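This report describes selected features of a predicted model.

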Amino acid sequence: MAEKKDSISTLEIKSEGLGACLGGNSLSVPKYQRAFSWEDDEVANFLADVNTAFANGDTEYFMGSVVLQGTNQKYEIVDGQQRLTTATIVIAATRDFVAKKGMADVAASLESRYLLTKDIWTQAIQPKLSLSVYDNEFFRKVVLEGVELEPKRESHERILAAKKRSLGLIEGMSGHYTDWFQRLAGLIDYLDHKARVIQVIVPSAANAYVIFETLNDRGKDLSASDLLKNHLFGRANERIEEVQANWNQMLGILEGHGGDGLVITFIRQLWSATREIAREKELFARIKERIVSPQQAVDFSNELVAGANYYSALINSSHPLWKELGDEAKGIIESLNAVKVERFRPALLAILANFSGKELTDAMRYTLNGSIRYLVAIGAGGGTLEAAWSDAARKVSTKEITTAIGFAKEMQRIVPNDEVFRTGFQTSRISKGFLSRYLLSAMERFVRGEKDAELVPNSNVNSVNLEHVLPEHSHEHWPELDPELAAAYYRRLGNQVLLSSKKNAALGNQAFAEKKAVLAASEFELTKKVGAKETWGVKEIEERQTTLSELALKVWAYKV
């Protein structure tokens with residue numbers, strides 16, 4: 001059988017200086033690659049390593065491998081973005097510094113050799129290095145062209161920090177050495193020829209990612225999403241363009257909600273919802289085992305796009321999906337986000353993909369009420385809780401569960417029943433203000449007879465705030481307050497009431513005799529009842545919390 005033209009046997013491997021790699025090629029970071037990610041300490045280490053090797057007169061300094069894909073000196077960077085970008089920033093800072101010193105010819109030579117080049121035929125100025133879609137415009141204007149711009153992303157701030165750090169090194173040379181120009185020239189020359197990388201050039205994109213995965217098998221210094229992405233690209237073979245397009249679409253959907261950490265959390269929770277529970281440290285190994293063919297890589301990348309749309313909606317209650325699904329579904333998402341729980345997300349990913357109509361909203365309501373019950377009676381939960389949600393999600397994904405009631409029954413094994421919820425609620429201590437506000441607001445709406453009381457949280461502290469009736473510490477207005485009792489009962493939910501922020505600020509640590517008049521005049525029914533008390537202490541807090549626990553059973557009902 002004839003060998004394919006772009007097989008791995010056609011790859012080119014050579015040792016080359018990092019600067020020479022920049023100067024001799026046209027390089028670009030693919031749009032699906034992550035943004036510039038090196039923090040200041042990583043940039044500082046890079047500069048220190050190169051400068052120390054140069055100062056010590058080391059013959060060579062090895063800086064690892066760089067994997068490129070393409071031909072004829074026009075390459076995409078599969079691996080090596082951070083080092084190549086940082087080297088470019090150092091050279092650009094050197095150009096800027098010598099230009100300010102009046103050495104325009106030297107600055108122009110540095111620019112044409114390493115930074116910007118003019119096309120012979122079109123005369124258009126082109127960068128030697130182009131970054132991904134997230135950073136390219138900012139990088140080109142701020143680093144390559146010297147324009148001042150405000151950063152719009154964290155990666156832009158990191159680029160600015162790298163530029164500042166590089167200028168600091170160069171200015172330090174100028175301030176400490178009379179022969180600073182020769183030293184600076186020597187440093188750039190060292191970066192060009194002696195700070196060396198193993199440059200691996202592969203014509204085929206799919207093969208480039210196979211090489212990348214092999215070289216980085218331990219995942220050292222790589223993000224989990226880098227590993228996952230490159231594995232999918234490597235397995236895609238001739239269908240790599242489909243997988244690349246899907247990966248980039250997924251990133252575009254999630255971009256506004258967070259960075260690399262959010263992407264890997266989404267992928268992990270999607271995997272848990274459709275295949276098997278996976279911790280972050282296990283995820284790459286699991287995907288590597290299960291996604292081995294081009295078709296599997298394409299199918300999974302399609303899943304990532306569909307799942308990212310749902311995941312974006314889970315994070316953002318203003319997502320167009322909630323307008324389509326209605327106010328009830330939107331209210332549930334607002335409530336879940338208000339109490340800052342996330343363990344349920346594998347389940348909702350499966351529910352959104354497989355349920356519709358009333359079955360969908362009922363299953364979502366069971367998710368909310370089950371989450372609140374667990375949160376109040378047991379705690380935030382960890383691996384056990386997420387495993388339960390993920391198990392239920394997989395049964396929804398495989399059609400083993402097809403109804404909201406079936407879903408609710410599956411979760412009964414971990415959702416606290418009425419007795420456990422009541423008992424846990426009676427003694428719950430809530431230290432997070434956003435959670436107390438949500439719980440009290442929902443119960444307030446219920447006693448007013450409002451429909452769907454648990455669906456509309458009010459987290460606006462400018463209009464609704466919390467008052468802890470019993471203060472946290474002894475005070476002149478509470479001289480008999482026992483410190484241990486205060487510590488034990490201050491954060492009990494029975495000791496917390498809703499007030500307008502203005503009234504709350506005015507109360508401070510006043511005695512209950514002064515507080516009660518303000519509480520009794522409150523527009524909140526549950527707060528008024530506290531204001532009707534003659535005294536306030538442990539007995540009253542426990543009695544109120546018992547009353548609230550009975551309300552909670554009705555507000556967050558879980559009937560199957």
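Leaving aside its neighbours within four places in sequence, which residues is S390 in contact with? With those neighbours set aside, S390 contacts S272, I277 and P346. S390 belongs to helix α18, which spans residues 383-397. The relative accessible area of S390 is 0%, and because buried means under 20%, S390 is classed as buried.

A helix pair comes next. Helices α17 and α20 pack with their axes 8 Å apart, at an angle of about 45°; the two are therefore oblique to each other. Their crossing is left-handed. On the α17 side the contact is made by I372, R373, V376 and A377, and on the α20 side by D418, V420, F421, G424 and F425. By class, these residues divide into six nonpolar, one polar and two charged.

The model also contains an open sheet of six strands with mixed pairing, in the order β1-β8-β3-β4-β2-β7. Its edge strands, each pairing on one side only, are β1 and β7. Strand β2 pairs with β7 in the parallel sense, over two bridges, and S28 stands opposite S130 in β7. Helix α7 packs on the sheet, where it touches β1, β3 and β8; the direction of α7 makes about 35° with that of β8.

| β1 | residues 12-17 |

Methods: Residues numbered from 1 in each chain as written. Predicted model: local features only at pLDDT ≥ 70, side-chain atom pairs only at ≥ 80, totals over all residues. Heavy atoms only, no water. Axes fitted to C-alpha atoms, helices over the stretch in contact; angles between N-to-C directions. Helix = DSSP H or I, 4+ residues; strand = E, 2+ residues; numbered from the N terminus. Parallel < 35°, antiparallel > 145°, perpendicular 65-115°, else oblique. Left-handed = near helix turned anticlockwise from the far one by under 90°. Contact = heavy atoms within 4.5 Å. Nonpolar A, V, L, I, M, F, W, Y, C, P; charged D, E, K, R; others polar. Buried < 20%, exposed > 50% of the residue type's maximum accessible area, 1.4 Å probe, protein only. Pairing = 2+ DSSP bridges.
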